[in-house]
Amino acid sequence: MYSRSSEPVRFERDCPAVLVPQGDHVTLPVGSAGYITQALGGSYTVFVDGNLFRIAGQDADAIGKEPVPPLELPEGASVEDVERMMWSQLRTCFDPEIPINVVDLGLVYEATLDAHPEKDGEYLASVRMTLTAPGCGMGDILVADVRDALELIPTLAEADVELVFDPPWTQHMMSEAARLETGMF
């Protein structure tokens with residue numbers, strides 16, 4: 001939540017936001033004041049009027065931040081290059097309450113890349129992922145974040161992201177670094 005190290009912010013325009021953890025879509029009006037509590041993966045979590053809100057990267061200008069630049073693959077990129085970028089993009093998706101990306105949290109159970117059957121030189125990504133809690137209101141938002149992050153990859157035509165709850169997530173699925181950072185050892 002808010003701490004003395006949180007960056008103060010004032011909204012420069014009306015801004016779509018998502019209430020955390022409920023997942024409700026709202027608009028924060030121009031002039032609203034608050035604090036950035038998390039700025040990871042191109043999105044922001046802000047504390048305004050006693051509530052947490054997630055601001056998408058494309059709306060970063062509303063809080064005086066630069067939007068994320070477009071992704072680029074090298075000329076003649078191989079499938080391995082695209083796979084590396086796919087995993088790199090998955091690591092830009094963060095739980096809005098926990099400062100750990102979805103890969104290190106252990107939320108991504110499977111991510112595959114296949115050649116597009118109808119579009120030569122393009123790919124389809126398939127991801128199976130879960131949530132830290134099945135009733136989390138941010139589930140649809142996190143799934144959309146993953147899909148949107150992957151579909152920014154040049155040559156990726158489509159990302160299919162499936163939310164699953166079997167097996168149930170446990171903290172043991174987190175990477176060692178994530179458990180260290182959260183103190184869950």
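Author: A pocket is an open set of grid points with protein on both sides within 12 Å along at least five of seven lines, and its lining residues have an atom within 4 Å of a point. The model discussed here is predicted.

Reader: Which residues lie nearest the centre of the largest pocket?

Author: The space in this pocket comes to about 640 Å³. Its lining is made up of 27 residues. Those nearest the centre are Arg 54, Ala 56, Gly 57, Gln 58 and Asp 148.

Reader: Which element gives the largest share of the lining of the largest pocket?

Author: Elements that contribute two or more residues to the lining are β2 (15–20), β3 (25–28) and α2. The largest share is 5 residues, and the element it comes from is α2.

Reader: Which element gives the largest share of the largest nonpolar core?

Author: This core has 31 residues, and Val 102, Val 127 and Leu 150 are among those with the most contacts inside it. Two or more residues come from each of α1 (79–90), β7 (108–115), β8 (123–129), α2 (139–150) and β9 (156–163). With 5 residues, the largest share comes from α2.

Reader: With which residues is Val 127 in contact, leaving aside its neighbours within four places in sequence?

Author: Val 127 is one of the residues with the most contacts inside the largest core. With the sequence neighbours within four places set aside, its contacts are Val 108, Glu 110, Ala 111, Val 146, Leu 150, Asp 160, Val 161 and Glu 162.

Conventions:
Residues numbered from 1 in each chain as written. Predicted model: local features only at pLDDT ≥ 70, side-chain atom pairs only at ≥ 80, totals over all residues. Heavy atoms only, no water. Core = buried A, V, L, I, M, F, W, Y, C linked by side-chain atoms within 4.5 Å. Buried < 20%, exposed > 50% of the residue type's maximum accessible area, 1.4 Å probe, protein only. Helix = DSSP H or I, 4+ residues; strand = E, 2+ residues; numbered from the N terminus. Contact = heavy atoms within 4.5 Å. 1 Å grid on protein atoms, 1.4 Å probe; cavity = no way out; pocket = protein on both sides within 12 Å on 5 of 7 lines; lining within 4 Å. Points joined across faces, edges and corners; volume = space filled by probe spheres on them.
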